[in-house]
Every structure is written in C-alpha cells, then in structure tokens.
Amino acid sequence: MYRGAYLYEILSSVNMLLVHSSRSLRKSVFRKRNHLFPYQLQPLSTSSTSTASVKSKNSNAALDNIHVNVSSVPVTSRSLILSLEDAQRLSGIYSELSKARLSMLVVASGSAGFLLAGAPVALDSLAAVTVGTAFCACAANTFNQVYERKTDRLMKRTRRRPLPSGRISTPHALSFGLGCTTLGTGILAAGCNPLTAVLGFSNIFLYSLVYTPMKQKSVANTWIGAVVGAIPPLMGYAAATGTIASPEALILSSGLFLWQFPHFFSLAWMIKKDYSAGGHQMVPCFDKTGDVTSKLLTRYSIALSTLPFASYGLGITSFMFPLESLAFNGYLMHTCRKFHQNSNDENARKVFLTTLWNLPLFMFLMIFHKKDFLPEDASISDSVVLSNQGSINVKSSYEDAVTDVFRRTKSIMKSLCVHEALTPDSEQDAEMKPFCLSKENK
C-alpha cells in the first residue's frame, strides 16, 4: 500500500539528478565548446531587451563581454548536435563511474538468485530486482572511485578514469552516486520487499565504507570484498521468496564468495606493480615467489569444486550438476596447478580468463539442474494466476510467449543431456509453467 509513496520519492530523486546533470552539461558546453558556441547567456536589465554589446580586446575575452537576449537566440541544428554530443559524453562518464562490466556481473548473480527460487517467476519482481541491483552496483562503484580518486592517478590502469582525468567533478560524481543509491534501494523496496532493499543498501555500505578504505590498510580487504560479492545472489533470492534462510541460497552465495579468490588473486598478480604504486595492500604485492598466491588459488578452487556435490547431497540439484562440474571446475583447478608450477603473468591470465566463464556456467547449471524447479501443481494450461495481493490477473500474450520460449529452450537442452535422455518418459511428463505475472512471497 506504500508503493505509491516509494515511487514518488524515486521520481523526485530522478528529477534532482537530471537537474544536476543538466547544469553540469550547460557548464561543460560553455567551458569545452566555446569555440563553437561563443556566447554567454546573461539576464538583461529592463533597459536593454534586444541589443548585444561587444566589448572585447581578443577572442578569449569575448565570452565574458557578450550579452545576448535569451529569446533572440535561435534553436539551431548545430546547438542540438552539441547537446546530443555532450549528453553522449556524460553518459559515457557515468558508465565508467559505474564500472558497467562489473555491474553486469553483479546483476547476473542477483538474477540467478531470483531464478533459483523456482517457478512461477514473477516478471515484475524480476525486473525490479534486476534494475534495483544495477543501481546499487553503480552507486557502490562510484563511491569507490570518489574515495580512490587520488591513488587512481598513481596507477596506469586507473589514471584515465573520469575523476583522475578531470572529466567530471567530485561533487558531480557524489551526486550521481547518491542518486543511484536512492533509486536502487527505492526500487528494491517498492518492487520487491524491505529485506532486499536492506541487503542492497548494506552492500553499498560495505563496499564503499569498509572494503574500499581497507584496501590501503590490510590484505584482509580481499575477504571483505568477497563478502560483498556474495550478497547479490541473496538479494535475488530474497526478492523472490522474502527470506534468505535456505540451503540453495547459501550454496549459490558461497559459490560467489569462493569464486572471487581465484578471480581476484590472478588479476592482482598480473597488475601487482600497479597496485603497489597506488599503495594497495594485496597479497600478490608481498608475494615475490608466488607461493602464497598459488596456495590461495588452489585452496579456494578446491573449495568451490565441492559446492555442486553439496547441492546434490542436500537434494537441491540432480546428480548431473556435480558430474558436469568435474569438467569446468576441474579445468579451473588445472590452471591453478599450472600457476603453482610456474608463477608468471601468462599462467595467471589463464586462471583469470577461466574464471570469467566458470561462474556463469556454475550459476546456469545449478538453476537448470535444480530439483522441484516447478511446483507440483504447475500447469501450462492455466490462464490466470494469483498476484502478491491475492487478486486474479489474466496473463497477457507477452507472458504466454515468454513461457513458451522458456519451455521450448529447456526442452531442447534436456534432449541434448545424456542423463535426461536416459530418464524414463514418465518423469518428463510434468508440464512447465515457469513465468507468471507476479509471485506470492513465501
């Protein structure tokens, strides 16, 4: 019943963010493009309403001495092009502040947590947790760059970021981060539930005010960062079920936690000189021989490989999940072993690149092989479903189309699976109904 108030606050925050951005955009136009648009618009007194006085000694002083009547400046295609160019440049800066690629991975893990809860899947709640998690990730990454703007100037990898390069001001970046925080937590609260919003805000706090400052103080920052990375799957599961007290949520979250060590330590080994220049306290920066780094890579890779077997032992997935994991987790451990034998950048890069496809495969196969993904009474022939409020909503053709695509895709993939091909037909007769308009919170 309070969703209207939440949405009003969200729209107000969006309006404030757009106003701030437009002001910065106008300043940027006059500061960076004055050779194309050499006019400074100033309010006129009542005595001068339609004249322009030019009192300049050179072209550089003309900007401060030209008075133009606002109503007399025509809106030309040239000025519109300038505005579009600056808007595009500003959006690119926002994308860099948000670390768009990293944010996409965070969003994917949150969506995986939502889908792991099983069908029927509420499209509205899935959209809310996806967008809300994205804004929270953007906020955390922006605050991270604001805090590290000085040390980023010392590292080759980060000196071209928006703040060190001077392409955006610190107040502007802070405003963007605050706007994303408000939007993210607001959307999660209004579109999902308070628990999801609290998890989202807590993750911003941990990443910005705990993990980021600790990077300059202790190597323990990596373990804090791993906790931050393990929260998005819990956000997705909480959005779908209203709780995080579930073995399947714990398994997925643990997978994100353990995966980050081979992923990050291999990256840190390749850029350890840059980290040392910036004063960051990372394990590879103090590990000249690579022995400590290789042991950590091996230890956490082995721990990660046990999770599929744990999920089968707890009755979450079928036996095919641990069986298939022997391939992709086995290859990850193989790359870690190669690094242990010869600790160099080439072998570290192999570990890093392997982690990039290992995690998506882990999440996808866990969802695909999950037992009881569909409720026992699920039927594709149902034409109506109950929403969170208990009212009846008729599914639109869009939801029907999404349902059909999901059903056909999973059916095709099952036909390619040896285990499913050997399964008796009687176990494949259950009809699927993975999507509906909304889902009842458990």
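Is His369 buried or exposed? In this predicted model, in which local features need pLDDT of at least 70, side-chain atom pairs count only at pLDDT 80 or more, and totals for chains, interfaces and linings use all residues, His369 counts as buried because its relative accessibility is 4%. Buried denotes under 20% relative accessible area, exposed over 50%, and partly exposed the range in between, with a 1.4 Å probe and protein chains only. Residues are numbered from 1 along each chain as its sequence is written, and side-chain values use heavy atoms, with hydrogens and water left out.

The protein chain contains 16 helices and four strands; helices (H or I, at least four residues) and strands (E, at least two) are DSSP runs, numbered from the N terminus. Of its 442 residues, 46% count as buried. The accessible surface of the protein chain comes to about 22,900 Å², and carbon and sulfur atoms account for 62% of that surface. Such areas come from the Shrake-Rupley method with a 1.4 Å probe, and for residues only the protein chains shown count as cover. Contact means heavy atoms within 4.5 Å. Among contacts between residues at least 6 apart in sequence, 74% join residues at least 24 apart.

His369 is located in the loop between α14 (345–368) and β2 (384–386). When neighbours within four places in sequence are left aside, His369 is in contact with Ile316, Thr317, Ser318, Met320, Phe321 and Glu324. Helix α14 itself holds Trp357, which counts as partly exposed because its relative accessibility is 38%. With neighbours within four places in sequence again set aside, Trp357 is in contact with Phe328 and Tyr331. Trp357 and Phe328 are 29 residues apart in sequence, and their C-alpha atoms are 9.0 Å apart in space.

A further loop, between α6 (149–152) and α7 (170–191), includes Arg159. This residue counts as partly exposed because its relative accessibility is 39%. Thr158 also lies in the loop between α6 and α7, but Thr158 is buried, since its relative accessible area is 1%. Residues up to four places away in sequence not being counted, Thr158 touches Asp152 and Pro164.
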